[in-house]
Number of protein chains: 2
Amino acid sequence: MPTPLGTQGTQLAHHVFFWLENPGSVADRDALIEGIRALAAIPTVRALHVGVPAQVEPRPVVDSSYSVSELLFFDTLDDQNTYQSHPLHQAFIARFSPLWTRVVVYDSSGR
Amino acid sequence: MPTPLGTQGTQLAHHVFFWLENPGSVADRDALIEGIRALAAIPTVRALHVGVPAQVEPRPVVDSSYSVSELLFFDTLDDQNTYQSHPLHQAFIARFSPLWTRVVVYDSSGR
């Protein structure tokens with residue numbers, strides 16, 4: 001059996017999916033990916049995964065329309081609040097939000 | 001800097017969000033959570049996180065309407081295919097799909 005992620009049952013997973021204004025622009029996509037990676041420098045970020053849609057077989061339940069996914073783990077909700085207001089995160093939003101048209105966030109408390 | 005999840009840059013994150021037929025039923029929710037946890041026994045599953053919507057401040061981009069989140073990591077796309085067709089996963093779908101009305105899946109290849 002694999003170990004559940006994190007050491008606390010309540011660990012917070014912050015899933016974010018981005019749809020780009022120019023989904024065909026590899027340059028925009030890669031710039032956003034680099035920008036997300038840099039968010040790892042915020043001290044309360046425990047782990048991160050940045051991705052693009054996998055080449056899976058199309059199924060009705062699979063949404064492959066987004067351009068970039070961001071997944072961050074925090075120990076607590078307070079740690080995510082620290083992240084949200086951190087200058088690096090604010091600078092990320094200011095710099096990269098012109099590239100995207102839609103963002104969907106799912107914040108999950110581990111059970 | 002936290003270590004990126006996994007040891008391979010291409011690690012696959014399988015994000016699944018479930019909306020229940022009876023979102024107010026704690027029994028249904030907890031049964032689904034236990035069912036997801038049992039999926040960790042499938043050998044290609046490298047890590048898992050099961051969650052419920054966190055008590056974050058409402059923001060337009062945050063979707064808190066789902067009931068349960070499932071996050072699995074695989075080393076490769078083939079490993080996810082093995083999982084999809086595994087008897088434990090098929091039994092999970094047969095047993096729990098009557099509980100949900102909507103499922104959204106995002107499969108992300110790590111970058």
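Predicted model: local features only at pLDDT ≥ 70, side-chain atom pairs only at ≥ 80, totals over all residues.
1. On the extent of the interface, the contact draws 49 residues from chain B and 49 residues from chain A. The size of an interface is often expressed as the accessible area that is lost when the parts come together. By that account, chain B and chain A bury about 4000 Å² between them, and 61% of this area lies on carbon and sulfur atoms.

2. On the polar side of the interface, the rule finds 22 residue pairs in polar contact between chain B and chain A, where both residues of a pair have pLDDT 80 or more. Across the interface of chain B and chain A, however, the rule returns zero salt bridges.

3. As to which elements build the side of chain B that touches chain A, at least two residues each are supplied by strand S1 (12–20), helix H1 (26–38), strand S2 (47–53), strand S3 (68–74), helix H2 (77–85) and strand S4 (100–110) of chain B. S4(B) gives the most to this side, with eight residues. By residue class, the side of chain B that touches chain A divides into 29 nonpolar, 13 polar and seven charged residues.

4. Strand pairing also crosses between the chains: strand S4 (residues 100–110) of chain A runs antiparallel to S2(B), and the two are joined by three bridges. For A:Ser109, the bridge partner in S2(B) is B:Val52.

5. Turning to symmetry, chain B is superposed on chain A by a rotation of 180° with 0.0 Å of shift along its axis, at an RMSD of 0.0 Å. That is the relation of a two-fold axis. The C-alpha of chain B that is nearest the axis belongs to B:His15, at 4.2 Å from it. Both copies use the same surface, in that 100% of the contact residues of chain B recur in chain A.

6. A search of the whole structure finds seven salt bridges over all chains. In chain A, the side chains of A:Asp79 and A:Arg46 meet in a salt bridge, with 4.0 Å from N to O. This pair links distant parts of the chain, 33 residues apart, with A:Asp79 in helix H2 (residues 77–85) of chain A and A:Arg46 in the loop between helix H1 (26–38) and strand S2 (47–53) of chain A.

7. Within chain B, B:Thr101 has its place in strand S4. Leaving aside residues up to four places away in sequence, B:Thr101 touches B:Trp19, B:Leu20 and B:Glu21. B:Thr101 and B:Glu21 are 80 residues apart in sequence, while their C-alpha atoms are 5.3 Å apart in space.

Notes:
Residues numbered from 1 in each chain as written. Chains lettered and ligands numbered in written order. Heavy atoms only, no water. Contact = heavy atoms within 4.5 Å. Buried area = accessible area lost by both parts, 1.4 Å probe. Polar contact = N/O pair within 3.5 Å; in protein donor to acceptor, adjacent residues only side chain to side chain. Helix = DSSP H or I, 4+ residues; strand = E, 2+ residues; numbered from the N terminus. Nonpolar A, V, L, I, M, F, W, Y, C, P; charged D, E, K, R; others polar. Pairing = 2+ DSSP bridges. Least-squares fit on C-alpha atoms with pLDDT ≥ 70 in both.
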